[in-house]
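Subject: Structure handover

Hello,

Here is the structure I promised to pass on. Please open it first, then read the notes below.

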Amino acid sequence: MTQNDRSSTRTFEDAPAVRSEVPLFCGLFAPTGGGKTYSALRLATGIQRVVGGDIFGIDTESNRMKHYADWFRFRHVPFRAPFSPDDYAAAIRHCVSRGAKTIIVDSASHEHEGQGGVLEWHEAETQRLAEAWRVAPGAAQMAAWGPPKAARRRLLAAITSELNCNVIFCFRAREKLKIQRGKDPIELGWMPIGGEELFFEMTLSTLLLPSARGVPHWKSDMPGEAQMLKLPRQFADYFGGEPRQLDEDTGQRLAEWAAGSPQPQVSTLLEEYARCDNADALKALEVRREAAWRTLPPALKRQLKEASDVAHDRLRGHAEAS
């Protein structure tokens, strides 16, 4: 039987498209002082409001995540060299096996250029092949990418297809130039340190500039930065206005979208409670709150109950004043 004969026997199904639950992959890249670790913990805390479970922090930065232990609740996973893609996959699997629903990887850059990472692995494989084949290292460089790139594909498969967990990736960033023969170099701007394959899988990714204090950068005239920034249309309205810090409410909004269309948009209800100025509108909001109630985790129930109480008190005060 030929390949064409085999493929012609396949059958397929179709159905109306309905958006379903998907994991979030958020990329934060920043130089030192951009606030990526603190911002990642705020986002993770907001995501936790929706999905529950524990937050795990995979820390390659000499336990620096522990600096924030007084402000955030998370489980700390120290991660030391070697930093191969397979080691990253093992660390993420450990977190999921322990109940993680949201994982922060800080930093993902070691997978690329850290000890035992893809670049170092490629260099060692180049030398090994050159010696085995008795050729100059340059003749072995292309083939030497095989093992480390295969390991990175295994990492991506684990994240995207196997583990079903929200992951926030923190990347170091450095300023880069594109060198042109006979021309002035082109400034690319701040570029994340890591493999392009990881960046392509991000649901969204943003740049935190030096001293940004957690305020994301979504647009850039720098060609390198513009290539790495990713703000999908479904989030454009939320992030398109006045720049604001990445915070717990941001994480909650992202997690509500990722939960799929059946998930009630709690952040929308909270905004409507804050604007509510008449009894009929409040009554309609209460009906929507009750419809959503059974599907919500405790943290979101508390938020809605508090918003409802504040709205009732506000309208009661207006009525007494009149």
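Ser 107 sits in the loop between S4 and helix H4 (110–113). Helices (H or I, at least four residues) and strands (E, at least two) are DSSP runs, numbered from the N terminus.

The model is predicted: local features need pLDDT of at least 70, side-chain atom pairs count only at pLDDT 80 or more, and totals for chains, interfaces and linings use all residues. Residues are numbered from 1 along each chain as its sequence is written, and side-chain values use heavy atoms, with hydrogens and water left out.

Other backbone points

A cis peptide bond also runs from Ala 81 to Pro 82, with omega near 10°. Pro 82 belongs to the loop between strand S3 (75–78) and helix H3 (85–97).

Asn 63 is not a glycine, yet its phi is positive, near 70°. Asn 63 lies in the loop between S2 and S3. Its relative accessibility is 28%, so Asn 63 counts as partly exposed. For these labels, buried means under 20% relative accessible area, exposed over 50%, and partly exposed in between (1.4 Å probe, protein chains only).

Asn 164 also has a positive phi, of about 50°, without being a glycine. Look for Asn 164 in the loop between helix H7 (146–162) and S5. Asn 164 is exposed, with a relative accessible area of 59%.

Helix H2

Is H2 enclosed or open? 12 of its 16 residues are buried, so H2 is largely enclosed by the rest of the structure. Among the buried ones are Lys 36, Thr 37, Arg 42 and Arg 49. The cover over the buried residues of H2 includes S1, strand S2 (54–59), strand S4 (100–106), S5, H11 and H14.

The length of H2 agrees with expectation. The expected span of a helix is 1.5 Å times one less than its number of residues. The 16 residues of H2 should therefore span 22 Å, and its end C-alpha atoms are 22 Å apart. Just after H2, Gly 52 takes a positive phi of about 70°.

Cores

A nonpolar core is a set of buried Ala, Val, Leu, Ile, Met, Phe, Trp, Tyr and Cys residues joined through side-chain atoms within 4.5 Å. The largest has 42 residues. Those that touch the most other members are Leu 24, Ile 104, Ile 168, Leu 204, Phe 239, Leu 254 and Tyr 273. Elements giving two or more residues to this core include strand S1 (25–30), helix H2 (36–51), strand S5 (166–178) and helix H11 (248–258). H2 gives the largest share, six residues.

Take Phe 239 as a way in. Not counting residues up to four places away in sequence, Phe 239 touches Leu 204, Trp 218, Leu 231, Leu 246, Thr 250 and Leu 254. Contact here means heavy atoms within 4.5 Å. Apart from this core lies another, of 35 residues, including Ala 89, Leu 163, Ala 173 and Met 191.

Strands S5 and S6

S5 and S6 pair in the antiparallel sense over six bridges. Two strands count as paired if DSSP finds at least two bridges between them. Ile 186 in S6 is the bridge partner of Lys 178. Strand S6 (residues 186–192) is mostly covered, with five of its seven residues buried.

Cavities and pocket

On a 1 Å grid over the protein atoms alone, a cavity is a set of points where a 1.4 Å probe fits but cannot get out, and a pocket is an open set with protein on both sides within 12 Å along at least five of seven lines; lining residues have an atom within 4 Å of a point. Grid points are joined across faces, edges and corners, and a volume is the space filled by probe spheres set on the points.

The whole structure holds three cavities of 30 Å³ or more. The largest cavity has a volume of about 60 Å³. Its lining includes Cys 26, Leu 43, Trp 218 and Phe 239.

The largest pocket has a volume of about 350 Å³. It is lined by 17 residues, and Thr 32, Gly 33, Lys 36, Thr 37 and Arg 64 lie nearest its centre. H2 supplies the largest share of that lining, three residues.

Best wishes
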